[in-house]
Amino acid sequence: MLQTFKYILITIAVAAVLAIPAKAQNAISQPYSEFGIGIINKNANGILDGMGSTAIAMQDPYYINFRNPASYAAFDSLCFVGDVGASIFVTTLKQGNLAQRNSYARPGYIAIGMPVSRHWRTSIGILPFSTIGYEVTDSHNVEPIGNVSYIYSGSGGLNQLYWGNAFKICKGLSLGLNTSYMFGTLSHNSNISFEESNFYNSIIQDNYYVNGIYLTAGLQYFFNIKEKHRIGLGVTYSNTAYIWTKEDLLINYYTGNYSVVTTYDTVLHDNSIRSNLHIPQSVGGGFSYTYLNKLIIAADVTWNNWGKFHFMNRNDSLTDAFTASLGFQFIPDPMSTKFFKKMAIRAGLKYSTGEIALRNKTINEIGATIGFGIPLTSFNTHSSLNVMFEYGKMGTLSNDLIKQNYFRIGINFTLQERWYQRKKLE
């Protein structure tokens, strides 16, 4: 058990180191995160990400599927499960004849799961809900003022600290609920500067501090057909949530270069604006087929009611979105002690219509994944290192919009250890 804790701490340290370049690079990597609450996290754990993030009808005793809380019911009654992951991104942004490449790393999630009683399992973890990171520069010649430069930037995002519980209702049927504390800061800045020194430049810093409760319920049912075949069905529902927000608005006028200000005047500082962030409901359904624990084929469909999104006085162009995914996993021989026969091979596809609509175009997203599960026999037969590779596209070049191609490497450690088995002395 001590070795397991050391391994978790090392992994967290690695994720923290990866976060350092993320802070510097993430500012210009996601232009569409300007809208709503940022880019919504649609990922699952490191294992299921390799299957196209297909998760709603998936459960296993040895990993944590936080996308459907009903899956916790599968945890081994004698085992503790730990799960931690991080990602590295390489993105290319294109608009017209312009192109820009960025790379950054981002911590993913950390979660633990354990049994409580015969029919009750629980899980606790923290994971990203949305991410903001953009910087857009533009300039125009305005008569008779002259050249005017505009810089729009944003950072931050929402995280969720969840506590999930699942209950076995009867054979094959389980029900679960994630209660999440949503928190984070959404920052949007704009800077307008004039080439002529006769005009005051301005910078507006708008920060939203968010916290509140968000609920996700799940249901799963599994049954066998002639022993070798197992069918899984799953549904999830996330409630309409009204999350508390507080706005800090700061407007400054200055002359000269902002880094060497000659005149600086604060004209408004208001931290008393309070309102609600309306996160709309979502519904998902999934199917899975398993053959002798060797082959798994699964598919998901999710609907998000982003057309009902509301946030302070922001009038973002959001619309309802559908997400679909398909994935498979193959293990040559799950019971083998040989390394390559026990290694998992995964692949998947996913598509989202997107929740952002601009200039009569919906910002859709499509991606393909491949992943590998490497058994860590130095711990036990069920711990693993999981690596996945994803290539995807988001947006379009039509109507002078931005197209983003991205490549993601996901790394995940799943750790399982027996904690509740009493040793007998003879």
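## Buried charges

D49 is buried, and R408 is buried too. Buried here means under 20% relative accessible area, exposed means over 50%, and partly exposed lies in between (1.4 Å probe, protein chains only). R408 has a relative accessible area of 4%. E390 is likewise buried, at 2%. K350 and E390 are both buried.

This is a predicted model, in which local features need pLDDT of at least 70, side-chain atom pairs count only at pLDDT 80 or more, and totals for chains, interfaces and linings use all residues. Residues are numbered from 1 along each chain as its sequence is written, and side-chain values use heavy atoms, with hydrogens and water left out.

## Salt bridges

Side chains of opposite charge can pair when their charged atoms come close. A salt bridge is counted when a side-chain nitrogen of Lys or Arg lies within 4 Å of a carboxyl oxygen of Asp or Glu. The rule gives four salt bridges.

D49 and R408 form one of them, with an N to O distance of 3.3 Å. This pair links distant parts of the chain. D49 sits in helix α2 (residues 46-49) and R408 in strand β20 (residues 403-418), 359 residues apart. Helices (H or I, at least four residues) and strands (E, at least two) are DSSP runs, numbered from the N terminus.

## A linked network

K350 pairs with E390; their closest N and O atoms are 3.1 Å apart.

The salt bridges link D49, K350, E390 and R408 in a network.

## Nonpolar surface patch

The surface carries a nonpolar patch of about 740 Å². I110, I124, I126, L161, W163, L177, Y181, I213 and L215 make it up. Patch residues have over 30% relative accessible area and no salt bridge; like charges are joined within 9 Å, nonpolar side chains (Val, Leu, Ile, Met, Phe, Trp, Tyr) within 5 Å. Areas come from the Shrake-Rupley method with a 1.4 Å probe, and for residues only the protein chains shown count as cover.

Strands β4 (120-142), β5 (146-170), β6 (173-194) and β7 (201-225) each give two or more residues to the patch. L215 is found in strand β7. L215 counts as partly exposed because its relative accessibility is 32%.
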